[in-house]
Amino acid sequence: MIDLLGTEMPDLRLNIRPGAQGQFVYETSQGRVLQDGIWSLLIEQKPDGSGYRPSPKYSTFNARSGSLGSSPLWKKRFHSQRAIVPATGFHEWTGTQR
């Protein structure tokens, strides 16, 4: 964890796809911290125990702002598990899904 009151800044990372490592800022009792994490809502341990992956049970990893407080998948998390994702831009895939 990195104390954001110091001089540490987020790393420059390009093209962070779902399931890849990103950086997140969240609040703790000691203040805001910057930490690496998996860009996905629900993660689980890989079957071979070598790390973590996005849960294959869910195809979604983001939501529209209008449904955050009412959707069964997002409602609880919206109120208790918030974070800041440092970014300078984003894009949305529109091509063929694999």
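Biologist: Is glutamate 27 buried or exposed?

Modeller: This is a predicted model, so keep in mind that every value here is computed from it. The general idea is to look at relative accessible area, where anything over 50% counts as exposed. Glutamate 27 comes out at 53%, so it is exposed.

Biologist: Which residue does glutamate 27 form a salt bridge with?

Modeller: Its partner is arginine 32, and the closest N and O atoms of the two are 3.1 Å apart.

Biologist: How many salt bridges are there by this rule?

Modeller: The count is 2. Glutamate 44 and arginine 53 also form one, with 2.7 Å between the closest N and O atoms. As for accessibility, glutamate 44 is partly exposed at 22%, and arginine 53 is partly exposed too, at 28%.

Biologist: Let's step back to the fold. What pattern does the chain follow along the sequence?

Modeller: Reading along, you get β-β-β-β-β-α, that is, 5 strands and 1 helix. Of the 98 residues, 18% count as buried. The chain exposes about 8,400 Å², with carbon and sulfur atoms supplying 52% of that area.

Biologist: And how should I read a pair of aromatic rings?

Modeller: You describe such a pair by how far apart the ring centres are and by the angle between the planes. A search of the whole structure turns up 1 aromatic pair. It is made by phenylalanine 24 and tryptophan 39: the centres are 6.0 Å apart and the planes sit at 10°, so the pair is stacked.

Biologist: Where do phenylalanine 24 and tryptophan 39 lie in the chain?

Modeller: Phenylalanine 24 is in strand 2, while tryptophan 39 is in the loop between strand 3 (31–38) and strand 4 (43–45); they are 15 residues apart, and the pair links distant parts of the chain. Phenylalanine 24 is buried at 16% relative accessibility, whereas tryptophan 39 is partly exposed at 26%.

Biologist: What about glutamine 23: buried or exposed?

Modeller: Under 20% counts as buried, and glutamine 23 has a relative accessible area of 10%, so it is buried. This residue belongs to strand 2 (residues 21–28).

Biologist: Which side chain does the side chain of glutamine 23 make a polar contact with?

Modeller: That of aspartate 36, at 3.3 Å. Leaving aside neighbours within four places in sequence, the contacts of glutamine 23 include Pro10, Arg13, Leu34, Ile84 and Pro86.

Biologist: And for the chain, what share of contacts between residues at least 6 apart joins residues at least 24 apart?

Modeller: That share is 32%.

Definitions and conventions:
Residues numbered from 1 in each chain as written. Predicted model: local features only at pLDDT ≥ 70, side-chain atom pairs only at ≥ 80, totals over all residues. Heavy atoms only, no water. Helix = DSSP H or I, 4+ residues; strand = E, 2+ residues; numbered from the N terminus. Buried < 20%, exposed > 50% of the residue type's maximum accessible area, 1.4 Å probe, protein only. Polar contact = N/O pair within 3.5 Å; in protein donor to acceptor, adjacent residues only side chain to side chain. Contact = heavy atoms within 4.5 Å. Areas by Shrake-Rupley, 256 points an atom, 1.4 Å probe, with all protein chains shown as cover. Salt bridge = Lys/Arg side-chain N within 4 Å of Asp/Glu carboxyl O. Phe/Tyr/Trp six-rings, centres within 6.5 Å; stacked < 30°, edge-to-face > 60°.
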